[in-house]
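Subject: Structure handover

Hi,

Here is the structure I promised to pass on.

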Amino acid sequence: MSDTGLYIHIPFCKSKCNYCNFFSVCHHEIDYDTYTAQMLGLIDKYAERHQNRSIDTVYFGGGTPSVIGTKRLCRILSEIKSAFNVIDNAEITFEANPTSSDLLDFSRLYQAGFNRISFGLQSADQNELSVLGRQHTAEEAKAVIETAKEAGFRNISIDIMLAIPYQTEESLLRTISFCYECGVQHISAYILKIEEGTPFDKMRDRLELIDEDSQALLYEFTVRELERRGYHQYEISNFAKNGFESRHNLHYWHDEEYIGLGPSAHSFIDGERYYYSNSFEDFYNDKTVFESQGGDREEYIMLALRLREGLIFQKYEERFKEKIVDQILKRASSLLKENYIELDEKSLRLTVKGFLVSNLIIGYLLNNT
């Protein structure tokens, strides 16, 4: 049995950003200690249920996990290490905002076992930060990254956003250069999507949104500029220095199993997918919702094609004890001349151009297979 990832959802934020549709609440609405106590109890319960599994990645996401403070984060991680079989070189990540320095003791977190941080920068341009509703400046981000490095962290990721209203190639380049100059090891670059019910959705008619063709140009520009600085693209939206790919997220994209705890957290374990609803009441009552059986052929292919390495035929054959169906390969061959895919005897991969229309391509490849 392969090692398992563990996701801990901390659904609290100082304030909601204009684009965000993740489940979270403003921090004053929920008692942190009550939430932490419930999380500790569920950690023990799931560890007992899955005691034959080793944990090789732990990821504290949100929301903004840093808002609950150092003591609670360390307490939760300590319980995880006590209850589960966490391997010695496990990747242990927490997400934080650039304004976290007043909430966190980075040295204590590092000593407790956290060894990776993901900071939500989004942009180094102050006008773009204001449009997004972010509460930090680029200078604050740089300072908190330096603080984390001084505490011992050597695996730091930054999130940036593409196609922010009013964004240009020049402003995007400044953000990319900022990340590089900060010396981080990993960058996630997401194209802004206006989600239903968000403040951006309500104000979309007043926003200077970037059209799809311009979005594509910004995406291709980002890939080139990050590659030029030594960040290789290993997934549609993720780039890393060699050896610093997100091991936790690779569990998802390799269609491997993981446990998710917290409101809105999803699990794929023992061949089944289930989740906690966006409800604190359901979380406190440990009420989950069955979603589906997981890990079938189509799901595996769909997730593999999100990765730059693509669908590796040998791995597929080892997992499913059969070869890729000819219809997929024939359909893939028809896309070669448009430069959407790369195909050889070992694998099928989407190109950068293909990533921009990945849903259409994957749907086409899997249709009626």
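Which residues point one way from β7, and which the other way? Ile156, Ile158, Ile160 and Leu162 are on one side, Ser157, Asp159 and Met161 are on the other, and all are buried. Before I go on, bear in mind that this is a predicted model.

Staying with that strand: β7 covers residues 156–162, and seven of the seven are buried, so it is largely enclosed by the rest of the structure. β6 and β7 run parallel, paired over five bridges, and Ile117 sits opposite Ile156 of β7. β7 also pairs with β8 (residues 186–191), again in the parallel sense, over six bridges. There, Asp159 has Ser188 in β8 as its bridge partner.

Asp56 belongs to strand β4 (residues 54–62). It is buried yet has no salt bridge. Why no salt bridge? The cut-off is 4 Å between a side-chain nitrogen of Lys or Arg and a carboxyl oxygen of Asp or Glu, and the nearest side chain of opposite charge, Arg247, is 4.5 Å away from Asp56. What Asp56 does have is a side-chain polar contact with His251, at 2.7 Å. Leaving aside neighbours within four places in sequence, the residues in contact with Asp56 are Asp3, Thr4, Gly5, Ile87, Ala90, Glu91, Arg247 and His251.

On to the aromatics. The count comes to 22 aromatic pairs. One of them is Phe94 with Phe114, an edge-to-face pair with 5.3 Å centre to centre and 80° between the planes. This pair links distant parts of the chain: Phe94 is in strand β5 (residues 85–96), while Phe114 is in the loop between α3 (106–112) and β6 (116–122), 20 residues apart. Phe94 counts as buried at 0% relative accessibility, and Phe114 is buried with a relative accessible area of 0%.

Phe283 and Tyr284 make another pair, with ring centres 5.7 Å apart and planes at 45°, so this one is tilted. Buried or partly exposed? Phe283 counts as buried, at 0% relative accessibility, whereas Tyr284 counts as partly exposed, at 28%. Both residues belong to one aromatic cluster, together with Phe12, Tyr32, Tyr35, Tyr276 and Phe280.

β16 and β17 (residues 347–350) are joined in the antiparallel sense over three bridges, and Glu342 is found opposite Arg349 in β17.

Gly310 is in the loop between α11 (297–304) and β15. Its relative accessible area is 2%, so Gly310 is buried. Which residues does Gly310 touch, not counting those up to four places away in sequence? They are Ala304, Leu348 and Arg349. As for Leu348, its C-alpha atom is separated from that of Gly310 by 5.6 Å, although the two are 38 residues apart along the chain.

Cheers

How values were computed
Residues are numbered from 1 along each chain as its sequence is written. This is a predicted model: local features need pLDDT of at least 70, side-chain atom pairs count only at pLDDT 80 or more; totals for chains, interfaces and linings use all residues. Side-chain values use heavy atoms; hydrogens and water are left out. Two strands pair if DSSP finds at least two bridges between them. Helices (H or I, at least four residues) and strands (E, at least two) are DSSP runs, numbered from the N terminus. Buried means under 20% relative accessible area, exposed over 50%, partly exposed in between (1.4 Å probe, protein chains only). Lys and Arg count as positive and Asp and Glu as negative; His and the chain ends are not counted. A polar contact is a pair of N or O atoms within 3.5 Å; within protein, one must be able to donate a hydrogen and the other to accept it, and residues adjacent in sequence count only if both atoms are side-chain atoms. Contact means heavy atoms within 4.5 Å. Rings of Phe, Tyr and Trp (its six-membered ring) pair if their centres lie within 6.5 Å; planes under 30 degrees apart count as stacked, over 60 as edge-to-face and the rest as tilted.
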